[in-house]
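Biologist: Please take me through one part of this model in close detail: the contact between the two chains. Give me the cut-offs as you go.

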Amino acid sequence: MPPVHKDVNSKQRQYEAMVRAWSADLYRFAFWLCRNEALAQDLVQETFLRAWKNLDALRDAELAKPWLITILRREHARLYERKRFDTVELDDTVPEDTAWASPERSGDAAHVRDAMMKLPNKYREPLAMQVLGGMSCDEIAAATEQQPGAVMTQLFRARQRLKSLLGGRAAAEGAL
Amino acid sequence: MDCLQFRRQLMAEPRSHDPQLLAHREECPACQAFWLRTQHFEDQLEQAMDVPVPAGLADRILLAQATDARRRQMVRRRGWLAVAASILIAVGGGTVMWRQAQSHSLPVLAVAHMPKEISALALTAAIPDSMVTEGFAERGTTMRGPMPLHVTYVHDCQVGPYRAVHVVSRVDGQPVVALYMPGKMTDKPEHFSRGGWTGREIPLNDGTLVVLAQHASPDALDQAEAGWRMAIDGPGGPSLTSI
């Protein structure tokens, strides 16, 4: 039955192209969600398996990345729903200019990475969606079923916290 | 937009191209400096989040997908094989059961019985009605109507597992055999043709009548059936007698 064969091949081709195009970005996103390389790989693999089973639901290639991120977030939520320990509360005051200035003077990517690792998940996740997924506040809000204003606050606090963490380290090293 | 709004929005969306944001940046030197630092920090953040991807990740994902797809295909194939095997067993079993049922059907038994009594077909002299009545009585059947014309033979026989009254009558000069099996109930009349014999199986009274003949016309079978129906059921037929 040539038409069916052709259809299967085109689906396979679409899937392979999607894996090649987005698996790296998805891995990075998964890593920043779970902060564990092995688990991130498992998450990405499971995400793509689910994507394969539901590939017919993807109508627009432009939406492939946010679609995959949504699947991955659900997989992550299933795996880690009971393992969240995000209890750090942050104030949302705008820091002093010196504090704002500290991160860019305070360290390399490794230090920023360390600070990222310490960020609570509720800040790390939208930040990863924005920085790695290229998603706008509205898109993140739609994906996480929140108000755009709430997402903006999370992103604001995420950077505020990050800079605070980096500022503290820089201060300890005498960099400030 | 004031400086506080500018910084709040920039902290949330550092790569924003909002015209209001950009306009404030142009008119406020302090915020312009803040914007530059924020962009620099954002560059560092992107660099930091760009963690190394394990080698061969895409290939492993594709391998997992191919393996999963193949496993599902095998499961589906096994499922189809199981269905096919079930159908085969059902058809085979059904065929065996059907053949078994067929080998015990009245037409088969009746035709198989004929060679034993083939000489009766040659008889042409009519026997008395009383002999016919007596023959049926021996099988526990009381005749309710007049005997058919020109009955030439009556005998109690064993047709397969069934006790039967074997009678032959002449219809248009041709011998037509009737086998009446009291107590053998059938659901509905059936016509048959096998082994050179044409006939029909008819539920009648509390038994079954099989009428059959070689080279006889349907009209002859009709006449024989009607004659024996009248004799066994009586003029009123089953509905009348049952009232």
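Modeller: What follows covers the contact first, then each chain behind it.

This is a predicted model, in which local features need pLDDT of at least 70 and side-chain atom pairs count only at pLDDT 80 or more, while totals for chains, interfaces and linings use all residues. Residues are numbered from 1 along each chain as its sequence is written, chains are lettered from A and ligands numbered from 1 in the order in which they are written, and side-chain values use heavy atoms, with hydrogens and water left out.

Start with confidence. The predictor assigns the complex an ipTM of 0.74 and a pTM of 0.55. Chain B has an average pLDDT of 87 (pLDDT is the predictor's confidence in each residue, from 0 to 100). In chain B, 97% of the residues score at least 70. Residues 239–243 of chain B have a pLDDT below 50. Beyond near neighbours in sequence, that stretch has two contacts in the model (contact means heavy atoms within 4.5 Å).

Now the interface. Chain A puts in 45 residues and chain B 36 residues. Together the two chains bury about 3,700 Å²; buried area is the accessible area (1.4 Å probe) that two parts lose on being put together, summed over both. Carbon and sulfur atoms carry 67% of it.

Polar links cross the interface too. Between chain A and chain B, 11 residue pairs are in polar contact, both residues at pLDDT 80 or more. A polar contact is a pair of N or O atoms within 3.5 Å; within protein, one must be able to donate a hydrogen and the other to accept it, and residues adjacent in sequence count only if both atoms are side-chain atoms.

Which elements of chain A give two or more residues to the side that touches chain B? They are helix 1 (2–34), helix 2 (37–53), helix 4 (97–106), helix 5 (109–118), helix 6 (121–131) and helix 8 (148–172) of chain A. Helices (H or I, at least four residues) and strands (E, at least two) are DSSP runs, numbered from the N terminus. Helix 1 of chain A gives the most, with 11 residues. By type, the side of chain A that touches chain B holds 27 nonpolar, seven polar and 11 charged residues. Here Ala, Val, Leu, Ile, Met, Phe, Trp, Tyr, Cys and Pro count as nonpolar, Asp, Glu, Lys and Arg as charged, and the others, Gly among them, as polar.

The rule finds three salt bridges across the interface. A salt bridge is a side-chain nitrogen of Lys or Arg within 4 Å of a carboxyl oxygen of Asp or Glu. B:Glu42 pairs with A:Arg159, with the closest N and O atoms 2.6 Å apart. B:Glu42 sits in helix 3 (residues 29–49) of chain B and A:Arg159 in helix 8 of chain A, so this pair joins two chains. Both B:Glu42 and A:Arg159 are buried (buried means under 20% relative accessible area, exposed over 50%, partly exposed in between; 1.4 Å probe, protein chains only). B:Asp59 bridges to A:Arg20, where the closest N and O atoms lie 2.9 Å apart. A salt-bridge network links A:Asp25, A:Arg28, A:Lys65 and B:Asp50.

Next, chain A itself. Chain A has eight helices and zero strands. Of its 176 residues, 44% are buried. Among contacts in chain A with a separation of 6 or more, 72% join residues 24 or more positions apart. A:Leu43 lies in helix 2 of chain A. A:Leu43 counts as buried because its relative accessibility is 1%. The C-alpha atoms of A:Leu43 and A:Glu75 are 6.7 Å apart, though 32 residues separate them along the chain.

Chain B holds eight helices and six strands, in the order α-α-α-α-α-α-β-β-β-β-β-β-α-α. Buried residues are 42% of its 243. At the start, B:Asp2 caps the N-terminal end of helix 1 of chain B, with a side-chain oxygen 3.2 Å from the backbone nitrogen of B:Leu4. Helix 1 (residues 3–12) of chain B has buried residues including B:Phe6, B:Leu10 and B:Met11.

Within chain B, B:Arg200 and B:Glu225 form a salt bridge (2.9 Å, N to O). This pair links distant parts of the chain, 25 residues apart: B:Arg200 is in strand 5 (residues 197–204) and B:Glu225 in helix 7 (residues 218–233) of chain B. B:Arg200 counts as buried at 7% relative accessibility, and B:Glu225 counts as buried at 15%.
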